[in-house]
Amino acid sequence: MPKLSDTMTEGVVAEWHKKIGDTVKSGELLADIETDKATMEFESFQEGTLLYIGVEKGKTAPVDSILAIVGKKGEDISALLEEEKKKTAPAAETPAPVSTPAPAEPKKEEPAKAPVVAAPVAQTPVAKTATSPAPKVSNDGRFKVSPLAKKIAGDKNINLSFIKGTGDGGRVVKRDIDNYQGSGASLVLEESYSDEPVTQMRKTIARRLAESKFSAPHFYLTMEIQMDEMMKAREAINVVAAPVKISYNDLVIKAVAAALREHLRVNASWRGDFIRYSNHIHIGMAVAVEDGLLVPVIRFADSKTLSQISVEAKDYAQKAKNKKLQPTDWEGNTFTISNLGMFGIEAFTAIINPPDACIMAVGGISETPIVKDGKVVPGHIMKVTLSCDHRAVDGATGSAFLQTFKQLMENPVILLGMQNI
């Protein structure tokens, strides 16, 4: 089982492209391996015949365990399999020393006691379907119910405690039962659940985010951005100038990259004995996929045009959804952006994506009253929250970065004047 990413500890065989007895050429596709981040093609390094498959389709195996054996047709591979068996077998326990017990003293006979017989315990049958009789309701002052309503509720398996009575003194009557049924409400009286095995991706997400959250002291800085000018600029760009459609996420990436160029101390990574400040700007872009979250990296983002960022971001998003990202696509980030604005989320906080010291959570654009020139007017606000690792970035440093980002977003002429669209 090959190690196909820096965080991979085990892999799942998604598909075999050869079967036992098939001829295999060097460089020929042998299997698809699902790692913690993507499904990747695995090519054979040898020529020969596929003699043995060690991991069936859909099964998991640790890195460096036998995935398959390729050799000469008819070759004896029993020694290899025996060696692998010894490596994976649990260590034998050392037997405890055997001591000879001292001879037991003869026991004195005691008169036999009459056996104690336990009283039979009544067994309560478990309801298997939603048609089991409704619980009996007693008119003991908790609530009142008419005999007719009680009978109808029992026949229809309706829990009377769910119904508000409209009779005298809150009494539940027939019309209350009829109205309840007429509302289209239904009762589910059988508990159920489903268990799904955890994927390699979800295991890695859980481990890395737990390490980040509980090892890096997070603090959060939130700022509101007035988006009216940027909305006008984006509309004009897409109508007149841009060869591809520019999204708000593309504009955020561009503005973040430009702000990082002025505040490289935010473009940082805590390394234990030292802090690394990167002079290059590689923006990680969180992408939601079915099994979790992937973070492809837009490299040298500050030197790219909006159109280049847009094309690259869309390509990465599609590859992520199709599980076609390669290790080079998700490595090397120096700062990460997580955008949930398209899901209607107004504001949220994100967990830092190691090795970065910061991650920016971007909310949606909402129409809201704002004060402009001393008057309350309609406006559009976007909230962003910067999560910082306090070991590497202080509050003043993060705040200065956000102020620059805000200035660029609220004055698109400054941002777009830096470079061609």
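Trainee: Is E312 buried or exposed?
Mentor: Buried, at 19% relative accessibility. Buried means under 20% relative accessible area, exposed over 50%, and partly exposed in between, with a 1.4 Å probe and protein chains only.

Trainee: Where does E312 sit?
Mentor: In helix α7, residues 306-321. Helices (H or I, at least four residues) and strands (E, at least two) are DSSP runs, numbered from the N terminus. This is a predicted model: local features need pLDDT of at least 70, side-chain atom pairs count only at pLDDT 80 or more, and totals for chains, interfaces and linings use all residues. Residues are numbered from 1 along each chain as its sequence is written, and side-chain values use heavy atoms, with hydrogens and water left out.

Trainee: What does E312 touch?
Mentor: V297, I298, R299 and K304, leaving out residues up to four places away in sequence. Contact means heavy atoms within 4.5 Å.

Trainee: And what separates the C-alpha atoms of E312 and D250?
Mentor: 9.8 Å, for a pair 62 residues apart along the chain.

Trainee: Zoom out. How many helices and strands are in the chain?
Mentor: 9 helices and 17 strands. The chain has 421 residues, and 39% of them count as buried. Take contacts between residues at least 6 apart in sequence: 60% of those join residues at least 24 apart.

Trainee: Helices next. Why does the span of α4 agree with what it should be?
Mentor: Helix α4 covers residues 200-215, so its 16 residues should span 22 Å at 1.5 Å a residue, and its end C-alpha atoms are 22 Å apart. The expected span is 1.5 Å times one less than the number of residues.

Trainee: Which residues of α4 are buried?
Mentor: Q200, M201, T204, I205 and S212. Seen down the axis of α4, they fall within an arc of 130 degrees, so they line one face of the helix. The arc is that of the directions from the helix axis to the C-beta atoms.

Trainee: What covers the buried residues of α4?
Mentor: The cover includes strands β1 (10-16), β3 (29-34), β6 (60-62), β8 (218-226), β12 (287-289) and β13 (292-294).

Trainee: How about α8, which residues are buried there?
Mentor: G398, F401, L402, T404, F405, L408 and M409. These fall within an arc of 160 degrees down the axis of α8, so they line one face of the helix. The face turned away from that buried side carries the exposed residues A396 and Q403.

Trainee: And how far does α8 reach from its first C-alpha to its last?
Mentor: 22 Å for 16 residues (395-410), close to the 22 Å expected.

Trainee: How do the lining residues divide?
Mentor: 12 nonpolar, 4 polar and 3 charged. Ala, Val, Leu, Ile, Met, Phe, Trp, Tyr, Cys and Pro count as nonpolar, Asp, Glu, Lys and Arg as charged, and the others, Gly among them, as polar.

Trainee: What does T49 touch?
Mentor: G21, D22, I69, V70, G71 and K73, not counting residues up to four places away in sequence. T49 lies in strand β5, residues 48-53. T49 is buried, at a relative accessible area of 11%.

Trainee: I359, which strand?
Mentor: β16. I359 is buried at 5% relative accessible area. Beyond four places in sequence, I359 contacts T336, S338, A350, I351, I352, T385, L386 and S387.

Trainee: Backbone check. Is the peptide bond from P354 to P355 cis or trans?
Mentor: Cis, with omega near 10 degrees. P355 lies in the loop between β15 (335-339) and β16 (358-372).

Trainee: What is phi of N157?
Mentor: Positive, about 60 degrees, although N157 is not a glycine. N157 is in the loop between α2 (147-155) and α3 (174-182). N157 counts as buried at 13% relative accessibility.

Trainee: And phi of D373?
Mentor: Near 55 degrees, again positive in a residue other than glycine. D373 sits in the loop between β16 and β17 (375-389). D373 counts as exposed, at 77% relative accessibility.
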